[in-house]
Amino acid sequence: MARLVAILPDAVADQIAAGEVVERPASVVKELVENALDAGARHVRVRLEQGGKTLIEVSDDGSGMGREDAVLALDRHATSKIRSAADLVGVRTFGFRGEALPAIASVSRLTLLTSEEQGEGSELGVAGGRLDRVDPAARQRGTTVTVRGLFFNTPARRKFLRSTASETRAAHDALATLALAHPATGFSLEVDGAARLEVPAGQTLVDRLAGVWGRELAGTLVPVSYAAGAFRVDGFVQRPADAKPTGRRTQLFVNGRPFKDPFLVRAAEAGYRSSIHPGDRPSLLLNVTVAPDEVDVNVHPAKLEVRFRDRIGVERVVEEAVRDALGRLDAAAPVGQWRPMPGGQPPPAAGRPQGLAIPPEELGLSPRPAAGPEPSPGGFDAPLVQFFDSYIVYEAPEGMVIVDQHSAHERVLYETVMAQLKGGGAAAQRLLLPHTLELTDEELDALEAHAEALRGVGFEVEPFGGRTVLIHAAPAPHPRFDGIACFRETLADLARGRFGGWANRLERFAATFACRAAIKAGQRLSEPEMRRLLLRLFETELPPHDVHGRATIVQLPREELERRFGRR
Ligand SMILES: Nc1ncnc2c1ncn2[C@@H]1O[C@H](COP(=O)(O)OP(=O)(O)O)[C@@H](O)[C@H]1O
Ligand SMILES: [Mg+2]
């Protein structure tokens, strides 16, 4: 099949957003795989080494190129996909800028091996943008593009590459997105010689979802199919009961084209109304169908952004579509399954019964080193009263003292954790079976950045390929402590950059962990528990505030009381 690659007129080239195409290995993977898809490939194979920093290779069984076309393809603005400005409206294929291959070739050592017919191929070599080799080469129909030494000639950009794990993840995500968009095409990803993703050609979307997101998550999804006005929304959303605060997957398409749009995800979440806990983040895959002139997909070709003409309308229909899908689920659900929560009440946190007494020695006010004697309760034998299951109140010579129990425990744990991190570490509890967790990119980065600290407080975490981690052991500061929930919340906080005010990374970690591990407000405490907590609090440096800068202790001076009662 002879085909000519035309050189874009400059005017057209100028009309096209001149965004950077090549930002990191993931963008190279995206561009090369899109080219393979455009070439009608049935199977696309991707190989990465060191997160793509040393090698990215994309092979396909698509149309391939003749030698002349192959040479032209490496030219800036050579494309077979558009001829004029008019073609830019409603572009169907993925690549249409004719600049990906030359852009990649200009910052790497690139080999293009391609053949239109069995055997009769060509191999072209480009280094730093200079075509230095065109040889005949044997290959089955299709194309292999090999990119070595990405950014070898632009050290400044090379410096911006992140860790191998992080680049691998980003490339994996880019491929996963394309795999979800093309269930009919088979994909494989090999990372440093090991298979990471393998989905066959000719799948249904449901099977493809299971192949890419995992069977477990795919099993929690329910179908969405909804049309209103000018828009249609199809796809899958997670059952409310299965939504979790972390580890969710989201994938949006507009007319089958992947894009990212946090506001649309938020609109979908709004469709859950109060059926999920405010912190839960449901997974979803949605395709919005709109007339081509309703959407501008050329806003930022590399960043997967789009612009809707009627954004409010799209958001409304997405929200309605999700609500509609969940409504049908509710109507069909057997008794005992999910029901919407009336009045927006968050469901009680599972596995954390409220109001049980905690043995004082297990309140996280862990035994001090056996050395010194217990701090004498001398001078502190005032009766203690708990108010609102949240505040501890007692009498001191100066007046009435009110202590916020969560804040106090947080402060105590903060010091304990800092000591553990600097010293010998914490006692951990081995889990009978390792607990499997799926994390987001940001959480994996946070995990990487804080691996040592997490180990220091007693978490034993093992990466398990992709975004899965296994938790083998967790700290056990008190019996109602939920190690897995604490791990998830701590990681989510770290990923979101909460506690940003702490300059020191170790301190920020300790503050985050202490906040998530501490006794919460609303927990009934016994007298001994309160006393124990206060004694430990007094042993700390006793700052007037907790790790958030909120007050831990409020005093009502005796004179103030006397003044208010007119005794002074
Ligand atoms: N894997 C491939 N199989 C067949 N042809 C390809 C492949 N990759 C690139 N090409 C050809 O090279 C041209 C330039 O590719 P590219 O620089 O990505 O620009 P664009 O995809 O925007 O046209 C494409 O238009 C196409 O004709
Ligand atoms: Mg392209």
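In which helix does E269 lie? The legends below refer to a predicted model, and the first of them takes up this residue.

Figure 1. E269 belongs to helix α9, which spans residues 262-270. The residue counts as buried, because its relative accessibility is 15% and the limit for buried is under 20%. When neighbours within four places in sequence are left aside, E269 is in contact with R248, R281 and P282.

**Figure 2. The eight-stranded open sheet.** The strands follow the order β7-β6-β5-β8-β3-β2-β9-β10, and their pairing is mixed. The edges are taken by β7 (130-137) and β10 (194-199); each has a single partner strand, so one side of each is left without a neighbour in the sheet. Between neighbouring strands of this sheet the turn is 10° on average, with direction ignored.

**Figure 3. The β2-β3 pair and two helices on the sheet.** Strand β2 (residues 43-49) and strand β3 (residues 55-60) run antiparallel and are joined by six bridges. Within this view, R47 is found opposite E57 of β3. Helix α2 (residues 25-38) lies across β2, β3, β8 (142-148) and β9 (186-191), and runs at about 10° to β3. Helix α6 (residues 164-181) also packs on the sheet, where it touches β2, β9 and β10. The direction of α6 makes about 175° with that of β9.

Figure 4. The largest nonpolar core holds 56 residues, and V33, L110 and V147 touch the most other members. Helix α6 gives the most to this core, with nine residues. Which residues does V33 touch, not counting those up to four places away in sequence? They are V44, V46, V58, L175, L178 and F187. Another core, of 32 residues, lies apart from the largest one; V224, V233, V237 and V318 are among its members. In soluble globular proteins, nonpolar side chains tend to be buried together.

**Figure 5. The salt bridge between E167 and R24.** The model has a count of 32 salt bridges. In one of them the side chains of E167 and R24 meet, at 2.8 Å from N to O. This pair links distant parts of the chain: E167 is in helix α6, whereas R24 is in the loop between α1 (10-15) and α2, and the two are 143 residues apart. E167 counts as buried, because its relative accessibility is 1%.

**Figure 6. The salt bridge between R311 and E315 within helix α10.** R311 forms a salt bridge with E315, and the closest N and O atoms are 2.7 Å apart. Both residues lie in helix α10 (residues 311-332), four residues apart, or about one turn of the helix.

Figure 7. The closest N and O atoms of the E489 and R516 salt bridge are 3.7 Å apart. E489 lies in helix α14 (residues 483-496) and R516 in helix α15 (residues 505-517), so the pair ties together parts that are 27 residues apart in sequence. R516 is partly exposed, with a relative accessible area of 22%.

**Figure 8. The four-stranded open sheet.** This sheet has the strand order β18-β19-β20-β24, and the pairing is antiparallel. β18 (385-387) and β24 (553-557) stand at the edges; each has a single partner strand, so one side of each is left without a neighbour in the sheet. From one strand to the next, the twist averages 25°.

**Figure 9. The β19-β20 pair and two helices on the four-stranded sheet.** Strand β19 (residues 391-396) runs antiparallel to strand β20 (residues 399-404), and six bridges join them. Opposite E395 stands M400 in β20. Helix α11 (residues 405-422) packs on the sheet and touches β18, β19 and β20, with its direction at about 70° to that of β20. Helix α16 (residues 527-539) packs on the sheet as well, touching β18, β19, β20 and β24. The direction of α16 makes about 70° with that of β19.

How values were computed:
Residues numbered from 1 in each chain as written. Chains lettered and ligands numbered in written order. Predicted model: local features only at pLDDT ≥ 70, side-chain atom pairs only at ≥ 80, totals over all residues. Heavy atoms only, no water. Pairing = 2+ DSSP bridges. Axes fitted to C-alpha atoms, helices over the stretch in contact; angles between N-to-C directions. Contact = heavy atoms within 4.5 Å. Buried < 20%, exposed > 50% of the residue type's maximum accessible area, 1.4 Å probe, protein only. Core = buried A, V, L, I, M, F, W, Y, C linked by side-chain atoms within 4.5 Å. Salt bridge = Lys/Arg side-chain N within 4 Å of Asp/Glu carboxyl O.
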